Amino acid sequence: MAIAIPLHLLAAVIWVGGMFFAYMVLRPTAATLLPPEQRLPLWSETFKLFFVWVWGAIITSLVTGFWMIHRLGGMGGVDGVGVHVHIMLLVGIFMMLIFMHVFFNPFKKLKWAVAEQDWITGRNNLTQIRKLVLLNLVLGLLTIIIGSSGRYWAG
């Protein structure tokens, strides 16, 4: 537990914090200062680097999360943990699926559009990514609230 909890928290901070920065800080700044032919390559390269960290955060979250469920739930595993852990696991898996869709669909198309200098297609895919990042950001913040407060719900 002494290693799993901090690693689990770091993974959440990297992923959710990165989405918060991208959505709340970088997005409005880039939209204000840069034309599409500069903004879209910026996003493509930013996502390329950030998504490596997200994959690491996903792997770390899954490994540490299931390890803690096994340890905390004893022989009961998932049946032995609180309802907040079930909610956190469900929302986390949903977030991972959303990310995988972003990674394998609109992000792939965004990279292609930037390489082809097709700014309309790039803009459309960036818009889809933006909406899904916002959804994942909200889900991530909700998951952090559930994970940090859930053990106190019963009392």
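A search of the whole structure, which is a predicted model, finds one salt bridge, a term that denotes a side-chain nitrogen of Lys or Arg within 4 Å of a carboxyl oxygen of Asp or Glu. The partners are K48 and E45, whose side chains meet at 3.3 Å, N to O. The two residues are separated by about one helical turn because they stand three residues apart in helix α2. K48 counts as partly exposed because its relative accessibility is 42%, and E45, with a relative accessible area of 42%, is also partly exposed. On this scale, buried means under 20% relative accessible area, exposed over 50%, and partly exposed in between, with a 1.4 Å probe and protein chains only.

Helices (H or I, at least four residues) and strands (E, at least two) are DSSP runs, numbered from the N terminus. The C-alpha trace spans about 55 × 25 × 25 Å along its principal axes. Of the contacts with a separation of 6 or more, 74% join residues 24 or more positions apart; contact here means heavy atoms within 4.5 Å. Of the 155 residues, 35% count as buried.

A cavity is a set of points on a 1 Å grid over the protein atoms alone where a 1.4 Å probe fits but cannot get out, and its lining residues have an atom within 4 Å of a point. Grid points are joined across faces, edges and corners, and the volume is the space filled by probe spheres set on the points. About 100 Å³ of space lies in the largest cavity. Its lining comprises 13 residues, of which W15, M19, F51, F99 and V133 are the closest to its centre. Two or more lining residues come from each of α1 (4-33), α2 (36-73), α3 (83-104) and α5 (119-149), and α2 gives the largest share, four residues. The lining divides into twelve nonpolar residues, one polar and no charged; Ala, Val, Leu, Ile, Met, Phe, Trp, Tyr, Cys and Pro count as nonpolar, Asp, Glu, Lys and Arg as charged, and the others, Gly among them, as polar.

Residues are numbered from 1 along each chain as its sequence is written. Local features need pLDDT of at least 70, side-chain atom pairs count only at pLDDT 80 or more, and totals for chains, interfaces and linings use all residues, while side-chain values use heavy atoms, with hydrogens and water left out.

Conventions: On a 1 Å grid over the protein atoms alone, a cavity is a set of points where a 1.4 Å probe fits but cannot get out, and a pocket is an open set with protein on both sides within 12 Å along at least five of seven lines; lining residues have an atom within 4 Å of a point.
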